[in-house]
Amino acid sequence: MCGRSAAGETSMNIQHRAREAVDVLRCHGPAPCLETFGHLHDRLDELIHLGEPIVVLDLSDVGEIDLGLVAELLACRKAVQDAGGVLKLVLSAADRRAFREAGLERQFEMFEDEDQAIESFAPETMTYGIP
């Protein structure tokens, strides 16, 4: 069963918006569970079908991420990379610390906010292929 937020929400809400050439998926609500990751996979599949996705996944506004769900994040990262894209994470301080302690800093680029994640992309990535 999915987690429940203090407001009684039981599912994670995913908002999509574009900033420059980066697709930002911002998640709100209780900590994601296997049920709600299906929605995330669907959103990423949509971006992958558009070609070479450049994605920032912002999980800073969800409850504590259960490390049991890291496999799902790894699958998301692999799907995006296989499509020639990049996936970067925005995580809370506690989740960044837990990911580092688990040795996941080699698997994910992690940031404390969306602006830092977007600024970390090389300038040539941000041009939509326009010289």
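Strand β2, residues 22-29, is mostly covered, with six of its eight residues buried. Buried here means under 20% relative accessible area, exposed means over 50%, and partly exposed lies in between, with a 1.4 Å probe and protein chains only. Strands are DSSP runs of E with at least two residues, helices are runs of H or I with at least four, and both are numbered from the N terminus.

A word on the model itself. The model is predicted: local features need pLDDT of at least 70, side-chain atom pairs count only at pLDDT 80 or more, and totals for chains, interfaces and linings use all residues. Residues are numbered from 1 along each chain as its sequence is written, and side-chain values use heavy atoms, with hydrogens and water left out.

Now look at the neighbours of β2. Strand β1, residues 13-19, runs antiparallel to β2, and seven bridges join the two. Two strands pair if DSSP finds at least two bridges between them. β1 and β2 form a hairpin with two residues between them. Glu20 sits in that turn and has a positive phi of about 55 degrees. Strand β3, residues 54-62, runs parallel to β2, and six bridges join them.

Follow Arg17 next. Its side chain meets that of Glu114 in a salt bridge, at 2.4 Å from N to O. This pair links distant parts of the chain: Glu114 is in helix α4, residues 114-119, Arg17 is in strand β1, and they are 97 residues apart. A salt bridge here is a side-chain nitrogen of Lys or Arg within 4 Å of a carboxyl oxygen of Asp or Glu. Glu114 is buried, at 8% relative accessible area. Arg17 is partly exposed, at 40%.

Glu114 has another partner. The side chains of Arg19 and Glu114 meet in a salt bridge, at 2.9 Å from N to O. Arg19 lies in β1 and Glu114 in α4, so this pair ties together parts that are 95 residues apart in sequence. Arg19 counts as partly exposed, at 23% relative accessibility.

Arg19 also forms a salt bridge with Asp115, where the closest N and O atoms are 2.7 Å apart. Asp115 is in α4 and Arg19 in β1, so this pair ties together parts 96 residues apart in sequence. Asp115 is partly exposed, with a relative accessible area of 38%. The whole structure holds seven salt bridges.

Turn to helix α3, residues 93-101. Its buried residues are Asp95, Arg96 and Phe99. Seen down the axis of α3, they fall within an arc of 100 degrees, so they line one face of the helix. The arc is that of the directions from the helix axis to the C-beta atoms. What covers these buried residues includes α2 (70-82), β4 (86-90) and β5 (109-111). Contact means heavy atoms within 4.5 Å. After α3 comes Gly103, with a positive phi near 80 degrees.

Phe99 leads on to the rings. The structure holds one aromatic pair. Phe99 and Phe108 form this pair, which is tilted, with 6.0 Å centre to centre and 55 degrees between the planes. Rings of Phe, Tyr and Trp (its six-membered ring) pair if their centres lie within 6.5 Å; planes under 30 degrees apart count as stacked, over 60 as edge-to-face and the rest as tilted. Phe99 is buried, with a relative accessible area of 0%. Phe108 counts as buried too, at 4%.

Charges also sit over rings. Arg77 lies over the face of Phe108, at 5.9 Å from the ring centre. Lys88 lies over the face of Phe121, at 4.1 Å from the ring centre. The test needs NZ of Lys or CZ of Arg within 6 Å of the ring centre and within 35 degrees of the ring normal.
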